[in-house]
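Visitor: I have a chain open on my screen and would like to go through its fold. Can we take it piece by piece?

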Amino acid sequence: MKQTIERSSEQKADTAQVQKVKTAKQEIRYNITSEFLQVGAERETSQTRKGGYARTKDQHFRNPRQRAVIWGSLAVIWIAVVWSTGRLFPAGSTLTSLMDRNLSPTWAHPFGTDWLGRDMFMRTLKGLATSIQVGLFAACGGGLIALLLGLGAASSRVADRVISWIIDLFLSVPHLVSLVMLAFVFGGGLAGVAAAIALTHWPNLARIVRAEMIQLKSAEYIQISHKLGQSRLRIAVQHMLPHLVPQLFVGVLLIFPHAILHEAAITFLGLGLSPQQPAIGIILSESMRYLSAGMWWLAFFPGLALLLVVRAFDVLGSSLKTLTGTDSSREVR
């Protein structure tokens, strides 16, 4: 009997000890699990914070309006630097120097010299300033023609039909052909080239202005103004013109690169500016005779500078299109 009692007490003691061990193991496992869960939660929180910061930064960087402001500002700075530098350089910086003929690019002459010893860097900047001036006159003239015809198309159905026929007529003729003919008629020179470009680069912008005017005519406040007895001219100037300013401004800027390229093209053909004026077309035309002699810098650097200026105007126009929301100005080409 005593042995049975002793055995049962020993078994109870063993069972209690086993339960204590199991309880201790469970507590250890719980602590380890809780620690792992805590560490995982901290990692997820930190990753979420980092991801949120990255997404916020990425969204901040991918903001189209902010990107348009940055690129537009850089384009304006580049164009202003090129134009002001070309205008401020004295005329004597492009004089001939027979002692420095046919020099390859060096620190003293970054773009090299030509067959008369003229510094190509100075000539390129002078030519770009002249091209920007021609592009300014041509783009403003083309924008003014487009605005007048667009306003006239909204006056009556007969005027709309006539102006639409004129726009289709000009669009049916290639730009370069009509540009060469008009430049020949006006006698070339800076004024003649600018007038020829202005008279050939307005149809696309005029078509956009006409479409906007037709859309505005059906607006409710325009109909109310008609019923109140206001004249068509007053309605066009006071109510319609403010809506056309963003479209017109972006369209004029998008005409700029085409005007500069076409000025260089007809000058390259010998129908544009006079050879005495520093122009990119003249520089490229004269350099063609010396490329076979290995003087590659005569055409490479002026052509590259022209492309950078044209691209700057294109970026500026696209940036303003993004900021103003004028998607239809993409058609001005």
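Predicted model: local features only at pLDDT ≥ 70, side-chain atom pairs only at ≥ 80, totals over all residues.

Visitor: What about the largest nonpolar core, which residues have the most contacts inside it?
Guide: That core has 52 residues, and the ones with the most contacts inside it are Leu 128, Leu 205, Ile 260, Leu 306, Val 309 and Phe 313. At least two residues each come from H2 (64–88), H3 (120–153), H4 (157–172), H7 (203–217), H9 (232–268), H10 (280–287) and H11 (297–324). H11 gives the largest share, 13 residues.

Visitor: Take Val 309, then. What does it touch beyond four places away in sequence?
Guide: Val 309 touches Trp 78, Val 82, Leu 128, Ile 132 and Ile 260. There is also a second, separate core of 14 residues, with Val 193, Ala 194, Ala 196 and Leu 273 among them.

Visitor: Back to H10. Why is it described as largely enclosed?
Guide: Because 7 of its 8 residues are buried, H10 is largely enclosed by the rest of the structure.

Visitor: Which ones are buried in H10?
Guide: Ile 280, Gly 281, Ile 282, Ile 283, Leu 284, Glu 286 and Ser 287 of H10 are buried. The cover over these buried residues includes H3, H9 and H11.

Visitor: H9 again. How does H7 run against H9, roughly parallel or roughly antiparallel?
Guide: The axes of H7 and H9 cross at roughly 165 degrees and come within 10 Å. That angle makes H7 roughly antiparallel to H9. The crossing is right-handed.

Visitor: Which residues make that contact between H7 and H9?
Guide: From H7 they are Leu 205, Ile 208, Val 209, Glu 212, Met 213, Leu 216 and Lys 217. From H9 they are Met 240, His 243, Leu 244, Gln 247, Leu 248, Gly 251, Val 252 and Ile 255. By class, the contact of H7 with H9 has 10 nonpolar, 3 polar and 2 charged residues.

Visitor: And H5 with H9, at what angle do their axes cross?
Guide: The axes of H5 (residues 175–186) and H9 cross at roughly 60 degrees and come within 11 Å. The two helices are therefore oblique to each other. H5 passes H9 in a right-handed crossing.

Visitor: Which residues are in that contact of H5 and H9?
Guide: H5 brings His 175, Leu 176, Leu 179, Val 180 and Ala 183, while H9 brings His 262, Ala 265 and Ile 266. The contact of H5 with H9 has 6 nonpolar, 2 polar and no charged residues.

Visitor: What is Phe 268 in contact with, leaving aside neighbours within four places in sequence?
Guide: Phe 268 is in contact with Gly 281, Leu 284, Ser 285 and Met 288.

Notes:
Residues numbered from 1 in each chain as written. Heavy atoms only, no water. Core = buried A, V, L, I, M, F, W, Y, C linked by side-chain atoms within 4.5 Å. Buried < 20%, exposed > 50% of the residue type's maximum accessible area, 1.4 Å probe, protein only. Helix = DSSP H or I, 4+ residues; strand = E, 2+ residues; numbered from the N terminus. Contact = heavy atoms within 4.5 Å. Axes fitted to C-alpha atoms, helices over the stretch in contact; angles between N-to-C directions. Parallel < 35°, antiparallel > 145°, perpendicular 65-115°, else oblique. Left-handed = near helix turned anticlockwise from the far one by under 90°. Nonpolar A, V, L, I, M, F, W, Y, C, P; charged D, E, K, R; others polar.
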